[in-house]
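Have a look at it before reading on.

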Amino acid sequence: MPFTPAKLIILETVDSTNNYAMAMVQNGSIESGYAVFAKEQTAGRGRRGKAWKSTPSKNIMLSVIAEMQWLPIQQQFGLSMAASLGCTDFFSIYTKESIKIKWPNDIFINDRKAGGILIENVIKGKLWQWAIIGIGININQENFQQEEFNATSLKEITGKNYSVIELAEQLHLCVLKRIETLSSSADVNFLCEYNENLYCRNELVKLKKGNIVFETMIKEVSGSGELVTKDAMERRFEFDEIQWVGKVEK
Ligand code: BTN
């Protein structure tokens, strides 16, 4: 198996880097800190059971493996913030555009989605053992399918072409650095930074809960990861309780 110094496993094609990483964790053949990168995924997965489609060799498909026994599972939003901020750190190396985190962990640039994160966990009893942090970042892709109308890529933003593997190594380091910071200090709290970079903060948006679409203003995300909004009253939403409909244009 080819390992680079950055502990990156590089695959030509795989169903999903998250599946591959999870299998290695389950059979005990991987250490914390490694990541799996694939040039192509045949069954890439996104959040909410959606497929994650990506043109082969154009984009980053990366799964970072982290042992998590040091963090109570009740604090899992801490890892979600670390992963999101690792991605914003990564993008800020290549562009001066404003990089935002759409709750809970989509990466948005210029109102379009440039990346997404799918974290999958191994929990035994009450103990959080491992996390697989699956990250899809659009790098050189220029044409997106109709259903991905709001997607963008680093190339669309800067006009440049990139070495996808070099950037995957960089992203891997950015994410590891944030996780190390989280694990090395009991005081670290990424919440302020996360909220400073929150997409549509203090803006009116349309959300959908069940069949009801409503307008509300995004205020912040709480320490446990709930989205806090305000209209006639303050509202709090858990992951996957609501769907995003769109911004309310001024
Ligand atoms: C989302 O926005 O819905 C999350 C997308 C996560 C995609 C990445 S690509 C690498 C890893 N392998 C997968 O199958 N999914 C994640």
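## Before we start

This is a predicted model, so local features need pLDDT of at least 70 and side-chain atom pairs count only at pLDDT 80 or more, while totals for chains, interfaces and linings use all residues. Residues are numbered from 1 along each chain as its sequence is written, and side-chain values use heavy atoms, leaving out hydrogens and water.

## Around the ligand

The ligand sits in the largest pocket. A pocket here is an open set of points on a 1 Å grid over the protein atoms alone, where a 1.4 Å probe fits and protein lies on both sides within 12 Å along at least five of seven lines. To sit in one, a molecule needs more than half of its atoms within 2 Å of the pocket's grid points.

Who's in the shell? There are 20 residues around the ligand, counting a residue as near if one of its heavy atoms lies within 4 Å. Ser16, Gln41, Arg45, Arg47 and Lys113 are the closest. By type, the shell has six nonpolar, ten polar and four charged residues; Ala, Val, Leu, Ile, Met, Phe, Trp, Tyr, Cys and Pro count as nonpolar, Asp, Glu, Lys and Arg as charged, and the others, Gly among them, as polar. Strand S6 (112–124) gives the most, with four residues.

## Touching the ligand

The backbone takes part at Arg45, where a polar atom is 2.6 Å from a ligand nitrogen, and at Arg47, where an N or O atom lies 2.7 Å from a ligand oxygen. Lys113 uses its side chain instead: a polar atom there is 2.6 Å from an oxygen of the ligand. Taken alone, the ligand exposes 410 Å², and the protein buries 97% of that (Shrake-Rupley method, 1.4 Å probe).

## Rings in pairs

Nine aromatic pairs turn up, meaning ring centres within 6.5 Å. Phe77 and Phe239 make a tilted one, 6.1 Å centre to centre with 50° between the planes (under 30 degrees is stacked, over 60 edge-to-face, the rest tilted). Phe77 is in helix H2 and Phe239 in the loop between strands S11 and S12, so the pair ties together parts 162 residues apart in sequence. Helices (H or I, at least four residues) and strands (E, at least two) are DSSP runs.

Most residues other than glycine have a negative phi, and most peptide bonds are trans. Trp103 and Pro104 are joined by a cis peptide bond, with omega about 0°. Cys200 isn't a glycine, yet has a positive phi of about 65°.

Conventions. A polar contact is a pair of N or O atoms within 3.5 Å; within protein, one must be able to donate a hydrogen and the other to accept it, and residues adjacent in sequence count only if both atoms are side-chain atoms. On a 1 Å grid over the protein atoms alone, a cavity is a set of points where a 1.4 Å probe fits but cannot get out, and a pocket is an open set with protein on both sides within 12 Å along at least five of seven lines; lining residues have an atom within 4 Å of a point. Rings of Phe, Tyr and Trp (its six-membered ring) pair if their centres lie within 6.5 Å; planes under 30 degrees apart count as stacked, over 60 as edge-to-face and the rest as tilted.
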